[in-house]
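Take each task first, then follow the solution.

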Amino acid sequence: MAEARRIDGKARAARIIEEVTAATSSLTAETGLQPGLAVVIVGEDPASQVYVGSKAKRAVECGFKSVKHVLDADTSEAALLDLIAELNADPDIHGILVQLPLPPQIDEGKVIQAIDADKDVDGFHLVNVGRLSTGAIDEAFVPCTPAGSMILIRDVLGDDLSGLNAVIVGRSNIVGKPMAQLLLAANATVTIAHSRTKDLPALCRNADILVAAVGRPEMIGADYVKEGAVVIDVGINRIDAPEKGNNPDGSVKTRLVGDVAFEAASQKAAAITPVPGGVGPMTIAMLMANTLVAACRAAGRTPPRF
Ligand SMILES: Nc1nc2c(c(=O)[nH]1)N[C@@H](CN(C=O)c1ccc(C(=O)N[C@@H](CCC(=O)O)C(=O)O)cc1)CN2
C-alpha cells in the first residue's frame, strides 16, 4: 500500500480561523457585539503557558476581546471560584476557559461546574456533556480536541460514517468519551479501549478510524493499524532527543511526538495526522469557533456551523 496521506491540521485550522474572523466581522458590524473570551491560567506550567498564549493571540486575530487572567500557583480554590463568578456575570465575556491541569489544591470538577454552561466554550460542563451525549449536538459546546478531530475525519471520509468501525484508545472526559459521542452521532460503530483492554493491537486492527489518546509516546505501532485506516493522533508528548544535542544550560534537547509511531503507521494507514501540526492546531481553532457560537447565541443570532 502507498504511504498514507498526511492530514494537515495546521492548514485546516487556519481555514477555520479565517471563517471565524469573517463571521465575527459580520456579527460585530450588524449587532455591535464583539465576542469576548476570558482565558484563566493558574500556575506556571510551561506547556500551559504556551497554549494559553496561543489562545489569547488567536482570539485577538479573530476580532475578539481577549482577556487573560494569570493566577499564582498557590491561588486558593475560593479565589478562582470568585473570578469565575465575576466572568459569568460580565456581559462582555461570552466564553470562559480555565486551562487544565490545575494545581492540586483546586478541585477541577468544582471549577468546571462553576462556569456558566452558556459560556463553557471548553464543553466540559455537565450540561454540555449531557447535550452531546443525548445527541443535542447543535445546542452543546463540544470539547475542542474531539470537535477538531471530527472535522479532520469528516474531511477524509465524509459526514456519514455508517458501516465503519471506530476505535478510540483512551477514555478521558476531555477526549475519549466526547470523541465516542461524535463518532456515534455520525453513525460509526464505536469502541472505547483503554489500559485494561485485552489484546489492544488486535482490537485496533479492526478499526477503519483509529483515534489515539493515551498519552504514551509512539505506543501505537504499525501492528495496531488496519490497511487503509484513518489514524487520528491526539497525543502530545515531549521526549528527549539526544540526536539534537544539548541546550545552552546543558539539558538534552527534546522533540514532540504523538501516541502513534508516525512513520511505521503511515505504511499502513490511508490518512494520518502528524504531531505537531495535526490535531493540536485544530484544538485552538475550535475554541475560537465555540466562542463565536457563544457570542452569536448571546446576540440571538443563528451561529455558523463548523
Ligand atoms: N481548558 C483546557 N485545558 C486543556 C485543553 C483544553 O482543550 N482545554 N487541552 C490540552 C492542551 N491544549 C489546549 O489547551 C493544546 C495542546 C496542544 C496544542 C497544539 O497546538 N499543539 C501543537 C504543538 C505545540 C508545541 O509545540 O508544544 C501541535 O500539536 O501542533 C494546542 C492546545 C490540555 N489542557
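Two residues count as in contact if their C-beta atoms, placed from the backbone, lie within 7 Å. Axes are lines fitted to C-alpha atoms, for helices over the stretch in contact, and angles run from 0 to 180 degrees between N-to-C directions. Helices (H or I, at least four residues) and strands (E, at least two) are DSSP runs, numbered from the N terminus. Strands pair if DSSP finds at least two bridges between them.

The model is predicted: local features need pLDDT of at least 70, side-chain atom pairs count only at pLDDT 80 or more, and totals for chains, interfaces and linings use all residues. Residues are numbered from 1 along each chain as its sequence is written.

**Exercise 1.** Trace the order of the six strands in the open sheet.

Solution. Step one: the order reads β1-β11-β8-β7-β5-β6, with parallel pairing. Step two: β1 (5-6) and β6 (189-193) each have a single partner strand, so one side of each lacks a neighbour in the sheet. Step three: look at β8 (residues 230-233) and β11 (residues 271-272), joined by two bridges; here V231 stands opposite I272.

**Exercise 2.** Which strands does helix α6 lie across?

Solution. Helix α6 (residues 144-157) lies across β7 (209-212), β8 and β11, at about 165° to β8.
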